[in-house]
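Reader: I have a structure to study and some questions about its parts. Can we go through them one by one?

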Amino acid sequence: QFHMIRHEDLVWGESLGQGSFTHVYRGAKKDQRDTETHTTEVLLKVLDAEHKNSWESFFEAASLMSQISHKHLLLVYGVSVHKSKNVMVQEFVKHGALDLYLKRSAVSLSWKLDVAKQLACTLNFLEEKNIVHGNICAKNLLLAREGDPNSDTSPFIKLSDPGIGVALLGKEVVLDRIPWVAPEVLETLELGQQCDKWSFGATLWEIFNGGEVPLHRLDPIQKQQFYECHSQLPCLEWTELADLISQCMQYQPELRPSSRAIIRHLNSLITSDYEILHASGTLPE
Ligand SMILES: N#Cc1ccc(Nc2nc(N)cc(-n3ccc(CO)n3)n2)cc1
């Protein structure tokens, strides 16, 4: 179910960082289109050699992304397996991961709401296809277009592949995903239908907190206690937004809102006076 890309058709560029058990590199792929060789800029995601037994899960995650197509889902061109290298070849998304972008860029409230709504619509699409992503977080949101208030263009995000499944990551790696990983997933190491809503709540918190890492001061033990005590993330000052986040981050999965309810709630925030006052510059950004 995958397009196989030949090793010799790949050009390797600089390392751009790493994910769970993977390294990402800038690169290019050569397409034999008729005579002249055409090259496309790509992102090469390589599975670490010591985790090569997770390659099925690695590719399964990617195949999930290539079975369905949607404007906010990352495009996976194919895979390349050569000697012990398992490589996923993805479209290169211009501005990279959202968590880093939020840390270094000041963005408006309407920019944040626009991004939040795009993610909510993507979750709705996945929910209607009965697909659970399982790794929603700002690090897995890629910014294809920055959006510029002057030229009135809006941002555009793409959801990245979920990466290796929680069942194969092991408890200590999944612990490190607190507070994005839903509590029931931490319990069972299986993805439930409602777990993406929880992660959506934690991702909203990141987006509206300038990319600050939630609970970054807590060590793994304290993170585990955070769930054991049914704690909530620190409240944002915009109460209607804080309400949406706490509704998504309910410890009982069945009490979390549907993706349609999340979209309705976001629409009410977008048209609220709080947003209008912000847009008009009366309130501090
Ligand atoms: N400076 C800079 C810069 C870095 C990356 C991109 N582009 C991109 N495109 C993708 N398809 C995936 C990723 N990722 C980045 C981390 C992960 C881990 O999952 N993926 N980055 C663009 C600019």
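Author: Start with a term. Strands are DSSP runs of E, at least two residues long, numbered from the N terminus. Keep in mind that this is a predicted model.

Reader: Which residue takes a positive phi in the hairpin of β4 and β5?

Author: The hairpin has 2 residues between its strands. The positive phi, near 50°, belongs to K83.

Reader: What is the order of the strands in the open sheet?

Author: The sheet has 5 strands, with antiparallel pairing. Strands of a sheet pair through backbone hydrogen bonds. The order is β1-β2-β3-β5-β4.

Reader: Why is one side of β1 and of β4 left without a neighbour in the sheet?

Author: β1 covers residues 10-19 and β4 covers 76-82. Both stand at the edges of the sheet. One side of each is left without a neighbour because each has a single partner strand.

Reader: What does the twist average from one strand to the next?

Author: The twist is taken from one strand to the next in this sheet. Its average is 30°.

Reader: How many bridges join β2 to β3?

Author: β2 spans residues 22-32, and β3 spans residues 37-47. The two run antiparallel. In this pairing R26 stands opposite L43. The number of bridges is 11.

Reader: Which strands does helix α1 touch?

Author: Helix α1 takes in residues 55-67 and packs on the sheet. Its direction makes about 20° with that of β5. The strands touched are β2, β3, β4 and β5.

Reader: How many bridges pair β3 with β5?

Author: This pairing is in the antiparallel sense. Within it, V46 has V87 of β5 as its bridge partner. For β4 and β5 there are 6 bridges, also antiparallel. For β3 and β5 the number is 5.

Reader: Is β5 largely enclosed or largely open, and how many of its residues are buried?

Author: A residue counts as buried under 20% relative accessible area. β5 is largely enclosed by the rest of the structure, because the buried residues number 6 of the 7.

Reader: Which ring has the charged end of K29 over it?

Author: Two lysines sit over rings here, K29 and K85. K85 lies over the face of W12, at 4.1 Å from the ring centre. The charged end of K29 is 4.6 Å from the centre of its ring, which belongs to Y77.

Reader: Is the pair of F58 and F59 stacked, tilted or edge-to-face?

Author: The whole structure holds 10 aromatic pairs. In this one the ring centres are 5.1 Å apart and the planes stand at 55°. Stacked needs under 30 degrees and edge-to-face over 60, so the pair is tilted.

Reader: Are F58 and F59 buried or exposed?

Author: F58 has 1% relative accessibility. F59 has 7%. The cut-off is under 20%, so F58 and F59 are buried.

Reader: What kind of pair do Y227 and Y251 make?

Author: Y227 and Y251 are both buried. Their ring centres are 6.0 Å apart. Their planes stand at 90°, so the pair is edge-to-face.

Reader: How do α9 and α10 run relative to each other?

Author: Their axes come within 10 Å and cross at roughly 170°. The contact includes L241 and L244 of α9 and I262 and L266 of α10. Over 145 degrees is the cut-off, so the helices are roughly antiparallel.

Technical notes. Residues numbered from 1 in each chain as written. Predicted model: local features only at pLDDT ≥ 70, side-chain atom pairs only at ≥ 80, totals over all residues. Heavy atoms only, no water. Pairing = 2+ DSSP bridges. Helix = DSSP H or I, 4+ residues; strand = E, 2+ residues; numbered from the N terminus. Axes fitted to C-alpha atoms, helices over the stretch in contact; angles between N-to-C directions. Contact = heavy atoms within 4.5 Å. Phe/Tyr/Trp six-rings, centres within 6.5 Å; stacked < 30°, edge-to-face > 60°. Buried < 20%, exposed > 50% of the residue type's maximum accessible area, 1.4 Å probe, protein only. Lys NZ or Arg CZ within 6 Å of the ring centre and 35° of its normal. Parallel < 35°, antiparallel > 145°, perpendicular 65-115°, else oblique.
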